[in-house]
Amino acid sequence: MTLQTQVVLRTLLETPAKARYGLELSNAAGLPTGTIHPILARLEAAGWLESFWEDQAAIEKTDPPRPRRRYYRFTTNGAESARLALAAAYQGGAASARLRPAPDGLGS
């Protein structure tokens, strides 16, 4: 697990129940969006995160209008998987922590 992935996970774990969008995570983690989005895609593929698009009605109320945001949040088991992986990375080095689906095979 890369150091950047660890930073993203720690940032998400600050408020694990909150859905957050890419630019918000980028600013909070201090990483460029070009780094954040591939990490989010890998975490989603591993079953740790789920994503959804912002409702169109919500952005129609913004002034000026802006593009829809894609939000990310932990799956049911995702936050715990992230905590365990971060603990393993801390104890054994980043190479010992791997992105894997939850033990029961279900990410959510």
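1. Welcome to this structure. The protein chain has five helices and three strands, and please keep in mind that the model is predicted. Reading from the N terminus, the elements follow the order α-β-α-α-β-α-β-α.

2. The protein chain has 108 residues, and 38% of them count as buried. If you take the contacts between residues at least 6 apart in sequence, 60% of these join residues at least 24 apart.

3. Now to the core. The largest nonpolar core holds 21 residues, and Val8, Leu9, Leu43, Trp48 and Phe74 are the ones that touch the most other members. At least two residues of this core come from each of helix 1, helix 2, helix 3, strand 3 (70–74) and helix 5.

4. Next, two pairs of packed helices deserve a look. Such a pair is described by the angle between the two axes and the distance between them. The pairs here are helix 1 with helix 5 and helix 2 with helix 3.

5. Start with helix 1, which spans residues 3–14, and helix 5, which spans residues 78–92; they pack at an angle of about 135°, and their axes lie 10 Å apart. Helix 1 is therefore oblique to helix 5, since angles over 145 would be needed for roughly antiparallel and 65 to 115 for roughly perpendicular. The crossing of helix 1 past helix 5 is left-handed.

6. Which residues in helix 1 and helix 5 meet? On the helix 1 side they are Gln6, Leu9, Arg10 and Leu13, and on the helix 5 side Ala79, Ala82, Arg83, Leu86 and Ala89. Sorted by class, this contact of helix 1 with helix 5 has six nonpolar residues, one polar and two charged.

7. The residues where helix 2 contacts helix 3 comprise five nonpolar and four polar, with no charged.

Key
Residues are numbered from 1 along each chain as its sequence is written. This is a predicted model: local features need pLDDT of at least 70, side-chain atom pairs count only at pLDDT 80 or more; totals for chains, interfaces and linings use all residues. Side-chain values use heavy atoms; hydrogens and water are left out. Axes are lines fitted to C-alpha atoms, for helices over the stretch in contact, and angles run from 0 to 180 degrees between N-to-C directions. Helices (H or I, at least four residues) and strands (E, at least two) are DSSP runs, numbered from the N terminus. Angles under 35 degrees count as roughly parallel, over 145 as roughly antiparallel, 65 to 115 as roughly perpendicular and the rest as oblique. A crossing is left-handed if the near helix is turned anticlockwise from the far one by less than a right angle, and right-handed if clockwise. Contact means heavy atoms within 4.5 Å. Ala, Val, Leu, Ile, Met, Phe, Trp, Tyr, Cys and Pro count as nonpolar, Asp, Glu, Lys and Arg as charged, and the others, Gly among them, as polar. A nonpolar core is a set of buried Ala, Val, Leu, Ile, Met, Phe, Trp, Tyr and Cys residues joined through side-chain atoms within 4.5 Å. Buried means under 20% relative accessible area, exposed over 50%, partly exposed in between (1.4 Å probe, protein chains only).
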